[in-house]
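Here is a short report on a protein chain with its ligands. Look over the sequence and the model before reading on.

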Amino acid sequence: MKKKAIKYFLIATLLTSSVLVFANLTESGTQENTTEYKVGEAPFDKMMEVLTHKRCVNCHPSGNVPRQGEDSHLHNFDVVRGEDGHGLAGYTCNTCHTDENNDYSGVPGAPHWALAPEIMAWEGKTRVEIAQQMMDPKRNGGRSAHDIMEHLTEHELVLWAWEPGVDAEGNPREKPPVPKDEYIQAVKEWIEAGAVIPEE
Ligand code: HEC
Ligand code: HEC
């Protein structure tokens, strides 16, 4: 009899503790949705710290010339956009840029190397303006929010920014200020929460 009582007692304890664990889980679940982020920690802030970095903006310039380096100077060798962002006929980007970085010559590389269309220019724009145009299918190549999430987290030219190689002098290029995994997480969180663009 005593043994049985202990058994029931144990079962009862187990049941209550699982109810408690469950209650805790749901509580933290709702908590997550109402979290107030500090400036600099919100998913949007993190994402935009990357998008406004020169590793992205050098290839999303206004005007017709790519930018280079940490000081974003105009691209050497009279390189221009051309009709489709791949340079001029006979003098395209892949005359020099290949699918991977060349750390001997300092020419960066990744698949599909080309200049972002002028309609997707980010240079000189505020982070709010960049986000607005990026989410606008009329200005982002007809992409849905889901397409943008995939582009931002999977595209080779985007991910290149965290493997940027070395420049012509052999100095490593600076990476964006947010680690890749954290950035990917922030993009997903921001888009899944409705891609709300703050006022400033
Ligand atoms: C080597 C040049 C290059 C680099 C570097 C580059 N991009 Fe792009 N980007 C492009 C091109 C070209 C397109 C247009 C491709 C298309 O429409 O299919 C594009 C399009 C995009 C788009 C979709 C259209 C839009 O503007 O909404 C996003 C988003 C984007 N890039 C984000 C980034 C981010 C973030 C980085 C940096 C981490 C980056 N890109 C770095 C060349 C580049
Ligand atoms: C004649 C060779 C050549 C051609 C053609 C060329 N590039 Fe470059 N590009 C380079 C070299 C070399 C560098 C590296 C310079 C450095 O960082 O020291 C470079 C760097 C860049 C960078 C800088 C990356 C960064 O963030 O610092 C971008 C962006 C770029 N090129 C885009 C293009 C695009 C787009 C085209 C075609 C429209 C193009 N390039 C055509 C040789 C070339």
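Leaving aside neighbours within four places in sequence, which residues is L51 in contact with? L51 is in contact with C56, W122 and I130. Two residues are in contact if their C-beta atoms, placed from the backbone, lie within 7 Å.

This is a predicted model, in which local features need pLDDT of at least 70, side-chain atom pairs count only at pLDDT 80 or more, and totals for chains, interfaces and linings use all residues. Residues are numbered from 1 along each chain as its sequence is written, and chains are lettered from A and ligands numbered from 1 in the order in which they are written.

**Overall fold.** The protein chain has seven helices and four strands. Helices (H or I, at least four residues) and strands (E, at least two) are DSSP runs, numbered from the N terminus. Their order along the sequence is α-α-α-β-β-β-β-α-α-α-α. Of the 200 residues, 19% are buried. Buried means that 20 or more other C-beta atoms, placed from the backbone, lie within 10 Å of the residue's own. Among contacts with a separation of 6 or more, 55% join residues 24 or more positions apart.

**Core.** The largest nonpolar core has 22 residues. Such a core is a set of buried Ala, Val, Leu, Ile, Met, Phe, Trp, Tyr and Cys residues joined through C-beta atoms within 7 Å. M47, L51, V187 and W190 touch the most other members. The elements giving two or more residues to this core are α2, α4 (127-134) and α7 (180-192).

**Helix α4.** I130, A131 and M134 are buried in α4. They lie on the same side of α4 because they cover an arc of only 95 degrees around the axis. The arc is taken from the directions from the helix axis to the C-beta atoms. The cover over the buried residues of α4 includes α2 and α5.

Notes
A residue is buried if 20 or more other C-beta atoms lie within 10 Å of its own, exposed if 12 or fewer, and partly exposed in between; C-beta atoms are placed from the backbone.
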